[in-house]
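Could you walk me through this model in my viewer, stop by stop? I would like to know what to select next and what I will find there.

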Amino acid sequence: MISIYRYRSLIVFGFAFCNLMVIVLAWHFLQESRAQHEQYAEVVSQNLGKAIDESISAAIDKVDLSLRALVDELEEKPAWDGRDKDQIEALLASYQRRLPGGELLEVTDRQCRVIYRSSSTGTRGSDCLGRDHFQVLRDHPDAGLQVSTPLVDPISRHQVLVVARRFRAPNGGFGGMVYSTMRVDHFNRLLAQFDFGANGSITLRSTDLKPLAQFPASGTRQGQVAGPVPAELPSLLRSGVRRATYRTTGGGSERIVTFHRLPVAPLLVTVSLASEDYLEQWRNDMVITGLLVGSFLLLSVVSAGAAFQSMSRIGRKNEKLFEVNEHLHQVIDEYQILAEELRESERRYSALFANRLNAIAHCRIIANDQGQPVDFTVLSVNQAYEEIIGIRKRDVEGRNISEIFPGFDSLGFDYIGVFGKIAQLGGETQFEAFFEPTQQYLSIYAYSPQPDEFTTIITDVTERKKADEALRVSESKFRIIFDNEVYGIIIFEMDTGRIIDVNRSLVRMYGYRREELLSGMLAFDLSAEREASELLVQEVEKSSSTFVPLRYHRKKDGSVFPVEIVGGAYQWNGRRVMFKLVHDISERVKAEEGLKKYAQRLIVQEEDLRKEVSRELHDDIGQELTALGLNLAYIGNLLADRTGGDLCNTLEDSRQLTKEISRTVRNLMVELRPSQLEEYGLGGAIRSYADQYRQRTGLEVLVDIDENFPRLTPKQEIALFRITQEALNNVAKYALATLVTITLSQEGDLLQLCITDDGQGFTPSDESLQLTGSGWGLTIMRERAELAGGTFRLSSESGMGTTVLIEIRE
Amino acid sequence: MNVRILVVDDHAMIRKVLRRHLEEQEGFQVVGEAGNGVEGVEQVRLLQPDLVLMDVSTPKMDGIEATRRIRYEFPQVKVLILSVYNTSDHLQRAVCAGAGGYVLKELAAEEVGIAIRTIMGGCQFFGAELVDHLQNAEG
């Protein structure tokens with residue numbers, strides 16, 4: 001169908017193209033032909049001009065020849081005067097007869113008076129004809145042939161040209177001139193010899209452009225008037241060129257004109273060829289070509305019409321053929337598709353049946369008398385059936401399901417009913433069920449390949465079910481965690497801080513509505529320490545999780561409260577997000593502050609107690625022991641005088657014991673409350689304690705305290721002294737150190753106490769410290785430092801010793 | 001000729017046993033007693049003793065300060081410090097205040113007599129045990 005239309009279009013296009021090509025070629029041919037004719041006409045025109053030029057020049061040359069002969073005669077026979085005038089004039093007449101178109105032949109003297117003339121000439125007077133050429137010949141000894149401009153012969157009334165030469169007198173001077181006249185009519189005859197077409201013309205003009213001769217003669221032919229000077233001529237003449245060819249229009253036709261300036265005479269020849277003449281042949285050719293092209297076009301149109309009709313007929317026939325063909329192709333295609341689908345189906349079925357992932361069982365339903373399905377027979381199973389269901393193929397195939405799985409009809413799921421419906425009514429079904437006999441979760445797809453039969457494709461989804469269950473439990477746990485009543489949970493984008501999700505606890509904690517939080521608020525907006533909050537995000541970026549024991553956040557009502565934060569980062573939906581578990585620790589902080597106050601009160605009370613006990617020891621026990629010692633000495637002296645032996649020894653032992661007790665009491669006093677602290681200040685107390693410590697422990701102690709270290713407030717002095725005591729005790733107990741350095745200094749308003757040892761050190765975060773005396777000691781040190789208005793810092797590293805630094809800014 | 005001694009201690013019992021301990025020894029005469037530093041200075045002005053046996057820790061004015069004043073006003077009066085403290089700070093302060101000797105109280109029975117005689121002989125006295133202790137403490 002389509003191809004016929006296309007062919008028809010092609011034919012039409014082909015014909016049109018051919019015709020167009022023929023027209024173009026014909027046009028091109030005609031243009032070329034015209035150009036050639038015009039070029040030919042130009043050549044003809046130039047040749048004619050040249051020929052005329054030569055003809056006229058030849059005629060003048062002939063006259064000149066006679067003149068030369070006469071000049072020779074006159075110059076070689078100086079005895080002109082002695083000759084008979086008639087003889088001379090007969091000679092002139094004989095020359096004149098030989099001249100083409102010669103009117104007369106005359107000889108003048110040096111005053112231009114005619115002294116001889118040919119016999120045939122009439123009597124015109126004694127003056128020569130024309131004076132211009134005479135003057136030239138007279139004034140220029142080298143002057144050659146002179147041709148005058150056309151003149152009117154006063155006798156014959158003809159227009160003539162005077163052709164003259166000078167001759168020398170016997171003395172070598174100017175003797176006169178010999179001249180002849182040539183009738184312009186003579187040139188008309190000369191021009192008539194040339195063929196320049198029916199409409200062409202040749203014109204002979206003087207150098208002042210006056211027409212002298214023309215052929216055909218003016219007025220003899222319509223439209224060819226020699227009178228008006230062609231517009232191009234004056235400019236050509238002025239340009240000085242001797243010959244030229246140009247085209248012009250005039251008289252209703254194009255003309256090719258050749259212009260020639262004669263070399264021997266002041267004459268111009270113009271040869272004009274009319275386009276009617278030189279294009280006559282071309283016009284004939286054009287007519288013939290037109291006829292041929294027209295014939296071709298007509299013929300082609302007729303042929304195209306015939307071909308078109310023929311094509312249409314063929315097209316109609318082809319349409320039918322195409323329809324039949326198309327239908328046939330469709331049938332074949334459908335058949336091939338069906339065949340391929342069948343093969344694919346078989347292939348899939350085979351592959352399906354052979355696959356090891358799905359158990360496949362092909363079964364036939366068994367119905368009772370009422371047509372109700374009551375059982376089914378397993379016709380065939382694949383290999384995967386054995387592996388998935390766990391029953392050998394041979395124990396299954398050909399047996400009823402109720403035999404394979406006794407009690408099958410009473411399972412929780414009505415398999416027989418479902419499969420029976422599929423087998424009897426067609427269709428397909430897909431379901432998942434827990435199969436009690438094998439304790440498996442099965443995904444079963446069933447369909448009926450033919451009536452009363454069905455095929456099941458069984459997939460063991462137990463693992464997935466378990467995973468789903470685990471996921472569900474996990475989600476449930478997550479939900480429990482997320483919905484907890486204690487920790488606020490916030491999830492936000494790490495890049496922008498934009499909140500993505502929050503739980504109810506967080507909403508309650510901050511006082512915002514959930515919609516407010518999720519409508520573009522930033523997590524940092526909840527913090528009262530925004531910079532710290534942003535730093536926390538950077539920290540989590542690096543370490544992926546973090547714990548912040550104390551941070552202050554702000555509620556919607558502006559109130560600030562302390563929180564404890566656990567944060568972590570993870571990927572969620574392609575975004576880097578951070579979650580924070582926020583615990584409001586207001587109560588804890590409050591309790592801790594209470595505890596802190598309590599601890600500090602305890603410290604104060606302890607100090608008071610120590611002071612009291614120390615005073616008691618000093619004032620009472622110490623003095624009493626001193627008195628006791630003196631008394632024992634007194635008694636000893638008395639006894640020594642009167643007795644001796646064991647009693648004295650016993651007394652001496654008692655004295656020694658008293659001294660020991662005194663020393664112990666003194667150490668106890670120093671430990672409890674160094675008297676130097678009140679008396680000499682912190683520096684003295686520390687130095688004194690260091691002395692005692694050195695003695696007691698054997699450790700080397702360096703004390704760097706300026707002698708003029710100022711007195712501090714009693715509270716500060718006792719706190720710093722106690723911290724020093726505690727730090728030194730810790731060193732003795734745990735550090736395994738050999739050197740302890742105590743530095744006490746004050747620069748400006750900063751007071752620093754630093755106790756450093758070179759012991760084994762420890763990890764400050766070691767939880768065991770919290771449970772030991774050392775841990776408690778650290779806490780007490782911190783409390784004491786804070787009580788004195790300072791800060792406590794402990795730095796230690798395993799193997800690198802420990803440093804305790806107290807700073808008080810006054 | 002007896003050495004005339006003034007005992008300064010805030011504990012009466014200590015004063016009492018010291019008096020007995022000193023008077024028991026030949027050459028010592030306890031000319032007076034004082035219960036605190038201020039009283040001690042006044043007693044020195046009044047009694048002009050040869051030597052003051054001064055407790056370090058006395059009320060109103062401690063023994064070191066009282067020693068400084070006595071030595072300032074009466075350079076000829078010697079002072080022997082009695083103290084329960086064995087630290088170099090105490091000793092140093094006592095010496096700086098002008099004390100001629102320093103005896104630990106628990107060693108008073110053995111050292112007080114020797115110390116008084118040494119000081120009165122124009123020398124200073126620091127008990128051997130105290131010196132040992134201080135040397136050990138200095139490391």
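Start by selecting Glu531(A), Leu535(A), Gln538(A), Glu541(A), Lys542(A) and Ser543(A): these are exposed residues on the face of α14(A) that is turned away from its buried side. Keep in mind as you go that this is a predicted model.

Now widen the selection to the whole of helix α14, residues 530–543 of chain A. The helix has 14 residues, and the distance from its first C-alpha to its last is 20 Å, close to the 20 Å expected at 1.5 Å a residue. Turn to the buried side and pick out Ser533(A), Leu536(A) and Val537(A), which are the buried residues of α14(A). They lie on the same side of α14(A) because they cover an arc of only 100° around the axis. What lies over them? Show β19 (545–554), β20 (560–572) and β21 (575–584) of chain A, which are included in what covers the buried residues of α14(A). Before you leave, click on Ser544(A), which follows α14(A) and has a positive phi, near 70°.

**Next stop: a residue on helix α7**

Select helix α7 of chain A, residues 280–354, and find Phe308(A) within it. Is Phe308(A) buried, exposed or partly exposed? Phe308(A) counts as partly exposed, because it has 16 C-beta neighbours inside 10 Å; 20 or more would have made a residue buried, and 12 or fewer exposed. Leaving out residues up to four places away in sequence, Phe308(A) touches Arg8(A), Ile11(A) and Val12(A).

Move to strand β5 of chain A, residues 159–168. Eight of its 10 residues are buried, so the strand is largely enclosed by the rest of the structure.

- Strand β3 of chain A (residues 146–147) pairs with β5(A) in the antiparallel sense over two bridges. Look for Gln146(A), which stands opposite Ala164(A) in β5(A).
- Strand β4 of chain A (residues 151–152) is also antiparallel to β5(A), with two bridges. Here Val152(A) stands opposite Gln159(A). β4(A) and β5(A) make a hairpin with six residues between them, and Arg157(A) in the turn has a positive phi of about 65°.
- Strand β6 of chain A (residues 174–183) runs antiparallel to β5(A) and is joined to it by nine bridges. Leu161(A) has Met182(A) as its bridge partner in β6(A). This pair forms a hairpin too, with five residues between the strands and Gly172(A) in the turn at a positive phi of about 90°.

**Strand β16, another covered strand**

Now select residues 453–460 of chain A, strand β16, where six of the eight residues are buried. Strand β12 (residues 359–367) of chain A pairs with β16(A) in the antiparallel sense over six bridges, and Ala361(A) has Thr456(A) as its bridge partner. Strand β15 (residues 440–447) of chain A is likewise antiparallel to β16(A) and joined to it by six bridges. To find one of the partners, click on Tyr447(A) and then on Thr455(A) in β16(A). β15(A) and β16(A) form a hairpin with five residues between them, and Asp452(A) in the turn has a positive phi of about 70°.

**Over to chain B**

Which contacts link the two chains? Colour the 27 residues of chain A that are in contact with 23 residues of chain B. On the chain A side, α15 (586–642), α16 (646–672), α17 (675–680) and α18 (682–697) each supply at least two residues. α15(A) gives the most, with 12 residues. Sorted by class, this side of chain A has six nonpolar, 14 polar and seven charged residues.

Finish at Asp55(B), in strand β3 (residues 51–55) of chain B. An unreviewed UniProt entry lists Asp55(B) for "modified residue: 4-aspartylphosphate". Asp55(B) is buried, because 28 other C-beta atoms lie within 10 Å.

Methods
Residues are numbered from 1 along each chain as its sequence is written. Chains are lettered from A and ligands numbered from 1 in the order in which they are written. This is a predicted model: local features need pLDDT of at least 70, side-chain atom pairs count only at pLDDT 80 or more; totals for chains, interfaces and linings use all residues. Two residues are in contact if their C-beta atoms, placed from the backbone, lie within 7 Å. Helices (H or I, at least four residues) and strands (E, at least two) are DSSP runs, numbered from the N terminus. Ala, Val, Leu, Ile, Met, Phe, Trp, Tyr, Cys and Pro count as nonpolar, Asp, Glu, Lys and Arg as charged, and the others, Gly among them, as polar. The expected span of a helix is 1.5 Å times one less than its number of residues. The arc is that of the directions from the helix axis to the C-beta atoms. Two strands pair if DSSP finds at least two bridges between them. UniProt positions are given in the numbering used here, feature names are shortened, and annotations may be inferred rather than shown by experiment.
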